[in-house]
Amino acid sequence: MRAIIITSPGTADVLQIQERPVPTYAADEVLVKVHAAGVNRPDVYQRKGNYPPPKGASVDIPGLEIAGEIVEIGDNVSRWKVGDQVCALVMGGGYAEYCSVPEGQCLPIAGELTFIEAASLPETFFTVWSNVFDRGLLKSHETLLVHGGSSGIGVTAIQMAKALGNTVYVTAGSDEKCKFCEDLGAAKAINYKTEKFPEVIKQITDGKGIDVILDMIGGDYTAGNIQSLAEEGRLVLINAMNGKDVEVDLSAIMRKRLTITGSMLRSRDTAFKAEIAQNLEIIIWPHLASGTIKPIINAVFPAEKAADAHRLMESSEHIGKIVLSWE
């Protein structure tokens with residue numbers, strides 16, 4: 001098979017297409033012929049040598065989400081059959097023409113979605129569900145603030161939370177991105193380059209604050225997050241792009257009875273991810289089938305142009321997802 005290989009840690013140019021053996025698969029796994037694969041920021045970190053893959057994942061083939069057709073199944077697989085079209089969350093190896101996947105991490109392709117559209121879903125949908133709803137315990141009619149509203153995570157969180165009855169606020173880095181987020185369903189998008197989000201949140205919530213904040217920025221956003229949370233609010237951290245070392249006001253955490261938590265999804269076990277997949281299929285997939293929630297794709301690159309896809313990801317100029325195609 002052809003695969004996109006990280007030939008050595010470095011710039012996007014280190015991504016090269018090479019021939020590799022088709023992966024083996026375990027008794028509880030399926031082998032998928034990959035038609036499309038999503039591009040995510042962790043792929044960039046892995047390419048740079050800053051995000052070692054967990055045990056069992058491909059060391060030099062990145063890629064955390066795929067869509068395609070099942071071509072072989074393990075002896076213990078019960079749900080899927082050869083020929084089924086699925087999208088899936090994987091630990092790595094998604095930038096290849098074939099990828100093995102635990103059966104519980106596969107989901108049917110909803111409605112009339114294409115492989116390209118379906119490949120843009122798993123990483124952000126699993127992440128948002130796990131962190132906003134399972135860990136952040138966002139309840140119907142509560143408020144959610146998402147930093148990076150125009151990112152893949154952001155556009156997923158806006159649509160998912162709005163579909164389930166929540167009011168969503170976001171931050172984004174340009175007026176164009178802010179307008180896009182509001183058109184998508186955000187009640188208010190804050191341009192962090194021209195406005196201070198804690199001041200805007202205080203104003204638009206009449207001083208009450210936000211119930212749940214999903215933050216991939218960290219660093220100097222942390223103090224503002226604590227300031228912006230309502231009583232009993234929850235801050236969920238999924239990245240620290242602005243740095244991991246911060247100073248916080250512990251008295252505010254105690255006074256408002258805040259919860260600060262976070263997670264990394266990639267290293268969690270198959271059973272954990274399978275449970276997320278079940279919740280997504282029951283609660284979120286009907287919204288995808290009906291069109292209430294839509295894949296938001298910024299650009300599609302031929303797989304051999306993976307380096308260009310990474311350059312776009314690193315530029316942060318995109319709105320929504322970036323996808324590689326083998327078709």
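**A tour of strands, a helix and cysteines**

The structure holds 0 disulfides. The model you have open is predicted. A disulfide is a covalent bond between the sulfur atoms of two cysteines.

Select Cys 106 to begin. Its sulfur lies 8.3 Å from the closest cysteine sulfur, that of Cys 87, which is too far for a bond, because a disulfide needs the two sulfur atoms within 2.5 Å. Cys 106 has a relative accessibility of 2%, so this residue counts as buried.

Go next to Cys 178. The closest cysteine sulfur to this one is in Cys 181, at 6.5 Å, again too far for a bond. Cys 178 is buried as well, with 6% relative accessible area.

Now select strand β5, residues 85-89. Of its 5 residues, 4 are buried, so the strand is largely enclosed by the rest of the structure.

Find Val 86 and look across to Pro 108 in β7, which stands opposite.

Finish at helix α3, residues 122-135. How many of its 14 residues are buried? The count is 12, and the helix is mostly covered. Among the buried residues are Phe 125, Phe 126, Trp 129 and Phe 133. Step just past the end of α3 to Leu 137, which takes a positive phi of about 55°.

Notes:
Residues numbered from 1 in each chain as written. Predicted model: local features only at pLDDT ≥ 70, side-chain atom pairs only at ≥ 80, totals over all residues. Heavy atoms only, no water. Buried < 20%, exposed > 50% of the residue type's maximum accessible area, 1.4 Å probe, protein only. Helix = DSSP H or I, 4+ residues; strand = E, 2+ residues; numbered from the N terminus. Pairing = 2+ DSSP bridges.
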